[in-house]
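Here are a few exercises to work through with the model open in your viewer. Try each task before you read its solution.

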Amino acid sequence: MSKLRIATPAFVPDNPALAASFSSADPSRLKEATFRLGVLDNTKPNALPLMEKIAEELSAKGLARNTVTAAKTSPKFTNAAGVEVVREANPAGVAAAPALLDRLAKETDFLITGLGN
Amino acid sequence: MTDEIGHAHPDELADIAKQVVAEQIPAILDSYRRNPAGGAEIEPAQPEEIAIEADADIAVKLSDIFVDRDWSDGMPIVPPTVERVDAMLKAFGLKGDELLAVLPPRGGRATAKKVAVCAVMAGCDAVHFPIVAAAVHAIAQRNFQLYMVQTTAHPLYPFILVNGPIGKKAGLSNGHDLTPRGWKANLVIARALRLVCISTAGIKALQASHTHGYVGYHDSCIRENEEDSPWEAFHVEKGYPKEANVVTAFPAEPPHVIDDRGSTTPQSLLSTFAMTVASPGNRSIWANSEQVFLVCPEHARYLASQNFSKGDIKEFLYHVARVPLHQFPKHNLASLAKWRQKIFSNVSEHVTLPVVRSMEDFEVVVHGGVGPHSMWLAGCPVSRGVTVDVDKLIHDVSRKR
């Protein structure tokens, strides 16, 4: 029986390196028993309170040795221990600025963020 | 249980956090630490082409394969054979590698070929392809904010308006008889765009974020009823020649009917419009967005007979479509005041909030057939409708190749 050639609509990343970076990481970052934790607030009401509790749990278990918190569009970095997170607008559905992601990549080893509320 | 809608109870969050730290984060860490190559598995590249035996069950088998691979929406597909896809591209002098858009959230390349594959899958004929291509290009423009539309919990989807001769040529219904029977061109164009938005953009079946999914997206392509409109067409209002072929993509919620069969003045009819959209549940009150009215010919003819232009309608709605603070449920108002404290705290309950911040945020399109039923589509905060000249787009992308 003859075979038909079928074209597919399959996803092709415009930036393969960027796409690969979503599913790979430098393992040396996580070799040590503790890591620098990042919290990226998507500004939804439940997200930051939940992620702060996760950060507290990770610190209590001795996994996170430092926590850096940032809001998606915030130009400012703040410490989860106390400094206020800047909110310029409600950018929950807008991607974080590349510069912010670059800084988080440098200053943290493990990042948690929220999807929706 | 939570005491405030949208805000989980702290105990609930603490339980979730404990579970995440006990189960999910160790699994993620273990995955990275076990893999000497670094991190979790990289998603393998997906095939550009597959081969399947041409037996009598090919349509069913292929539909299942496409669903399993997150390439389809669950409905049966027309097999996108290489020959069918090439024929669609050839009809417009395209090779297939022309880039129409890069689609968020994962940055998928929507080339002419990928769009043609989706168009064939959806059941499009060649005449529908330029409309699908223009819609894909429109939703990828910055003002549309497709990233938000694709990832927010707010139920939104691209609503496509077609103006100019291409709409009729493509067989698009202008509203009358669009439902319940359905109309091929409207259905297949809307479905093709949806397929592009999920498969080519790289969204997997379990990654949908909308609270209610995409209710009604299969009916989300229309052409303006220019024949029965007493006003200039939408694209003419936006500065295009009447003969131009134009596609506009609105980031929209599912439509809502506005029924008025009794008004005896234009102000009364438009007050029905205004009171329908001016409610505390309209998200635009909180965060400004476009409001599109699909005005039925009966309402449009009446308004025009009373010398109401589109501009008059927008001005009337801007002044009248407002919600007094005292109409907000008490606790919802408290939440509003908390969210925008500087603006809404300590103000009189007689203050009214406009539905939109500019009268230009109201759009008027004539659509539909017989009957006193207009429709309204609320938009998406931050996003705006985007208009694309179809012929110019096809010309430009084929030249850039």
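The exercises below go from the chain contact to a sheet and its helices.

This is a predicted model, in which local features need pLDDT of at least 70, side-chain atom pairs count only at pLDDT 80 or more, and totals for chains, interfaces and linings use all residues. Residues are numbered from 1 along each chain as its sequence is written, chains are lettered from A and ligands numbered from 1 in the order in which they are written, and side-chain values use heavy atoms, with hydrogens and water left out.

**Exercise 1. The interface**

Describe the contact of chain B and chain A by residues and buried area.

Step 1. Chain B gives 64 residues to the contact and chain A gives 38 residues, where contact means heavy atoms within 4.5 Å.

Step 2. About 4600 Å² is buried between the two chains, 67% of it on carbon and sulfur atoms; buried area is the accessible area (1.4 Å probe) that two parts lose on being put together, summed over both.

Step 3. The rule finds 3 salt bridges across this interface, taking a side-chain nitrogen of Lys or Arg within 4 Å of a carboxyl oxygen of Asp or Glu. B:Glu49 and A:Arg5 form a salt bridge, with their closest N and O atoms 2.5 Å apart.

Step 4. On the side of chain B that touches chain A, the largest share, 13 residues, comes from helix H1 (residues 10-34) of chain B. Helices (H or I, at least four residues) and strands (E, at least two) are DSSP runs, numbered from the N terminus.

**Exercise 2. Strands across the chains**

Find how strand S1 of chain A and strand S1 of chain B pair.

Step 1. S1 (residues 3-7) of chain A and S1 (residues 49-53) of chain B are antiparallel, with 5 bridges; two strands pair if DSSP finds at least two bridges between them.

Step 2. B:Glu49 in S1(B) is opposite A:Ala7.

**Exercise 3. A sheet in chain B**

Which strands of the open sheet in chain B stand at the edges, and why is one side of each left without a neighbour?

Step 1. The order of the 4 strands is S7-S12-S8-S11, with mixed pairing.

Step 2. S7 (256-259) and S11 (362-366) of chain B are at the edges; each has a single partner strand, so one side of each lacks a neighbour in the sheet.

Step 3. S7(B) runs antiparallel to S12 (residues 373-378) of chain B, joined by 4 bridges. B:His256 has B:Trp376 as its bridge partner in S12(B).

Step 4. Helix H10 (residues 266-277) of chain B packs on the sheet, touching S7, S8 (291-295) and S12 of chain B; its direction makes about 145° with that of S7(B). Axes are lines fitted to C-alpha atoms, for helices over the stretch in contact, and angles run from 0 to 180 degrees between N-to-C directions.
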